[in-house]
Amino acid sequence: MDRIRIRGGKPLSGEIPISGAKNAALKLMAAALLTAEPLTLTNVPRLADVRAMAELLASFGVNIQVTLSGNFGEGDTMRLEAQKITSAFASYDMVRKMRASFQVLAPLVARERAAKVSLPGGCAIGARPVELHLNALEAMGAKIELAEGYVTATAPDGLTGAEIVFPFVSVGATETAMMAATLAKGTTKIVNAAREPEIIDLGNCLIAMGAEIWGLGSSEITVQGVDKLHSAAHRVMPDRIETGTYAIAAAIAGGAIELIGAAPDTIASLNALLVKSGAVVTTTPRGMKIEMNGARPKSSDITTAPYPGFPTDLQAQMMALMAVADGTSVIKEKIFENRFMHVPELARMGAQVRIDGDTATVRGVEKLKGAQVMATDLRASVSLVLAGLAAEGETTVGRIYHLDRGFDRLEEKLSRVGADIARVSE
Ligand code: UD1
């Protein structure tokens, strides 16, 4: 099995190109199911999760052509054509690897009027149920049956617009409701919708496909159903979690990095914290720049929240930074239970963290020490890489298939800015 080996202590300098957003790309790919005409996505990141979604869509009869980009700074082009859907069944084997594959349920029901999809697996970060998705489809007239780990949703006469009031904010359930509503009869109002930039990206792509949607980026989205969607081309937005991760890399390792193609306005909550911790963050014509001129970062308290709050997907990375900060930080995880699995691994490197329910108290230490650690989930694993960049000596991170799910050519990007990092197989 491959591992990542890092020799810490090198300040970073140079440029890192930011890839297309995983969490946007996966849903954009699922949206291709809504039309018989081709959807062309550009700036698609090269990730295991993208390949898994392509495999799942191909099993429904979607014809997929990928043109690999020869330019390191530009993503691939993917043409998806769901001319005829030959199967609307997503097996446990397909869905367990990646929770986002559950997002095929809504477009399949909307277009084919029936689908059977396994309940999801994905990162082991808490229970992560899907009742909000199912309630939304039910409100739109679908009949939902749960048996033997599968959801069967049927709407023989098609879906109908409805008012859907979410009891709390869910990114995935908002996307389910929005995709289903594009082909429903009448108007759908989604109340307490998620406001994440990836929702706006998906909504804009659906609009380019002929959907009628208002209120993207606000907590109330209105969709007027149409009979059909059509062909479109859409560029995947830059990955704000990848952007944030490399910004934190600069802060933890020191030095200066420009993140080419980044959209700094999508991570304003992180940038405010980085500035507080002593970094200089500037918007540049090509993206954003982060500089940490050798100073030790200062501690900061962090609470995760739905957008525009601080993203849970950057919590582990910020904990790595706070682990070497001057002072004590209190980190509250409010989105997912059980999302502190990186803590015992960071502790192996000398981090001083105490957990009490959803709260971690991090007492910054002057230096972390390299160690052998194990990735437990996607975002947790990259926090160990960041800690390794700052640590004295050598760190090896095992189970890096978690990293390959969500970070496009991570070692290459980091070694181009001077990190001593390599993939080693044993
Ligand atoms: C998406 C992102 C993930 C990110 C998360 C929160 C993708 C592929 N993944 O996940 O990286 O961490 O948003 O920003 O885009 N919940 C329920 N019932 C439901 C749905 C959700 O209880 O039916 C709970 C979840 O367990 C969680 C919270 O709601 O505690 C938020 O989850 P949600 O926003 O739905 O996250 P995902 O869409 O799964």
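How many cavities of 30 Å³ or more does a search of the whole structure find? The search finds two. A cavity is defined, on a 1 Å grid over the protein atoms alone, as a set of points where a 1.4 Å probe fits but cannot get out, and its lining residues have an atom within 4 Å of a point. Grid points are joined across faces, edges and corners, and a volume is the space filled by probe spheres set on the points. The structure is a predicted model, in which local features need pLDDT of at least 70 and side-chain atom pairs count only at pLDDT 80 or more, while totals for chains, interfaces and linings use all residues. Residues are numbered from 1 along each chain as its sequence is written, and side-chain values use heavy atoms, with hydrogens and water left out.

The chain is divided into domain 1 (2-18 + 238-425) and domain 2 (22-227), with bounds that come from an automatic or database domain assignment. The centres of the two domains, taken over C-alpha atoms, are separated by 30 Å. To the contact (heavy atoms within 4.5 Å), domain 1 contributes 25 residues and domain 2 contributes 22 residues.

The largest cavity holds about 50 Å³ of space. Its lining consists of Pro-17, Ile-18, Ser-19, Phe-72, Gly-73, Glu-74, Gly-75, Asp-408, Arg-409 and Lys-413. Three of these lining residues are nonpolar, three polar and four charged; in this scheme Ala, Val, Leu, Ile, Met, Phe, Trp, Tyr, Cys and Pro count as nonpolar, Asp, Glu, Lys and Arg as charged, and the others, Gly among them, as polar. Because domain 1 and domain 2 both give residues to the lining, the largest cavity lies between them.

The second largest cavity holds about 40 Å³. Thr-312, Gln-315, Ala-316, Arg-339, His-342, Asp-377, Arg-379 and Ala-380 line this space. Two or more lining residues come from each of helix H10 (315-323) and helix H12 (378-390). Helices (H or I, at least four residues) and strands (E, at least two) are DSSP runs, numbered from the N terminus. By class, the lining of the second largest cavity comprises two nonpolar, three polar and three charged residues. Helix H10 itself is mostly covered, since nine of its nine residues are buried; buried means under 20% relative accessible area, exposed over 50%, and partly exposed in between (1.4 Å probe, protein chains only).

The largest nonpolar core has 80 residues, of which Phe-60, Val-104, Leu-105 and Leu-206 touch the most other members. Such a core is a set of buried Ala, Val, Leu, Ile, Met, Phe, Trp, Tyr and Cys residues joined through side-chain atoms within 4.5 Å. Helix H1 (residues 22-31) gives the most to this core, with seven residues. Apart from this core lies another of 67 residues, including Ile-252, Leu-321, Val-362 and Val-365. Leaving aside neighbours within four places in sequence, Leu-206 is in contact with Ala-31, Leu-34, Met-178, Met-179, Thr-182, Ala-211, Ile-213 and Leu-229.

Two loop residues were also examined. Ser-101, in the loop between helix H3 (92-96) and helix H4 (105-112), counts as buried because its relative accessibility is 0%. Lys-334, in the loop between strand S19 (328-332) and helix H11 (343-348), is partly exposed, with a relative accessible area of 49%. Lys-334 and Thr-304 are 30 residues apart in sequence and 5.5 Å apart in space, C-alpha to C-alpha.

Definitions and conventions
1 Å grid on protein atoms, 1.4 Å probe; cavity = no way out; pocket = protein on both sides within 12 Å on 5 of 7 lines; lining within 4 Å.
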